[in-house]
Amino acid sequence: MGKAEKKTIIIFIPMNKMIPGNKTAIVLTILKGVAGTMAVFAVVTALSYQNQLPVDGKLVMGFPSEFYAEGTGYSPERDEYASFQHFKLLGLLINIVFSTSVFALLCRLYRFIPFRKKK
């Protein structure tokens with residue numbers, strides 16, 4: 001019986017196409033991505049903000065997932081006012097991922113908008 005030969009397959013990925021030559025460009029790209037994600041997160045959170053506390057309702061923040069809720073109301077069973085506050089970390093992480101994907105989509109769409117007229 002003969003020995004089985006082991007073959008090694010090397011996959012070559014050209015790194016110069018994945019990483020720009022100037023390392024500061026990477027830092028600027030990351031900072032732009034973080035700033036863009038924060039801006040999209042702030043806008044989406046502001047648009048989804050619902051404050052109904054003055055009318056015996058609740059305050060809700062978060063889209064597509066609710067990550068903060070606060071409320072006060074009368075409980076007839078206990079004959080007293082009850083209040084609550086809820087913070088959901090998983091909901092916050094879902095919203096951050098959603099904001100990142102919306103920002104990435106906006107960046108992709110921004111490339112296709114013609115700003116200059118071709119002569």
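Is Tyr68 buried or exposed? At 17% relative accessibility, Tyr68 counts as buried. The cut-off for that label is under 20% relative accessible area. The model is predicted.

## Overall layout

The chain holds 3 helices and 4 strands. Their order along the sequence is α-α-β-β-β-β-α.

The chain has 119 residues, and buried residues make up 17% of them. Its accessible surface comes to about 10,800 Å². Carbon and sulfur atoms hold 65% of that surface. Among contacts with a separation of 6 or more, 35% join residues 24 or more positions apart.

## Around Tyr68

Tyr68 sits in strand β3. Two polar contacts involve its side chain. One joins the side chains of Tyr68 and Glu70 at 2.8 Å. Another joins the side chains of Tyr68 and Gln85 at 3.2 Å.

Setting aside neighbours within four places in sequence, Tyr68 is in contact with two runs of residues. These are Leu59, Val60 and Met61, and then Gln85, His86 and Phe87. The C-alpha atoms of Tyr68 and Lys88 are separated by 6.4 Å, although the two residues are 20 apart along the chain.

## The aromatic pair

How many aromatic pairs does a search of the whole structure find? It finds 2. One of them is Phe63 with Phe98: the ring centres are 5.7 Å apart and the planes stand at 85 degrees, so the pair is edge-to-face. The angle cut-off for that class is over 60 degrees.

This pair links distant parts of the chain. Phe63 belongs to the loop between β2 (58-61) and β3 (68-75), while Phe98 belongs to helix α3, and 35 residues separate them. Phe63 is partly exposed, at 46% relative accessibility. Phe98 is also partly exposed, with a relative accessible area of 26%.

## Two buried serines

Ser48 lies in helix α2 (residues 23-48). It counts as buried, because its relative accessibility is 13%. A polar atom of the Ser48 side chain lies 3.3 Å from the backbone oxygen of Thr45. Beyond four places in sequence, Ser48 is in contact with Val60, Gly62 and Phe63. Phe63 is therefore a contact of Ser48 and a member of the edge-to-face pair.

Ser99 is in helix α3. Its relative accessibility is 1%, so Ser99 counts as buried. What does Ser99 touch, not counting residues up to four places away in sequence? The contacts are Thr37, Val40 and Phe41.

## The nonpolar surface patch

Which residues form a nonpolar patch on the surface? They are Phe87, Leu89, Leu93 and Ile96, with about 390 Å² of accessible area together. Helix α3 (residues 89-110) supplies the largest share, 3 residues.

Leu89 lies in helix α3. Why does Leu89 count as exposed? Its relative accessibility is 52%, and the exposed label applies over 50%. Tyr68 itself is buried, at 17% relative accessibility.

Terms used
Residues numbered from 1 in each chain as written. Predicted model: local features only at pLDDT ≥ 70, side-chain atom pairs only at ≥ 80, totals over all residues. Heavy atoms only, no water. Patch = residues over 30% accessible without salt bridge, like charges linked within 9 Å, V, L, I, M, F, W, Y side chains within 5 Å. Areas by Shrake-Rupley, 256 points an atom, 1.4 Å probe, with all protein chains shown as cover. Salt bridge = Lys/Arg side-chain N within 4 Å of Asp/Glu carboxyl O. Buried < 20%, exposed > 50% of the residue type's maximum accessible area, 1.4 Å probe, protein only. Contact = heavy atoms within 4.5 Å. Phe/Tyr/Trp six-rings, centres within 6.5 Å; stacked < 30°, edge-to-face > 60°. Polar contact = N/O pair within 3.5 Å; in protein donor to acceptor, adjacent residues only side chain to side chain.
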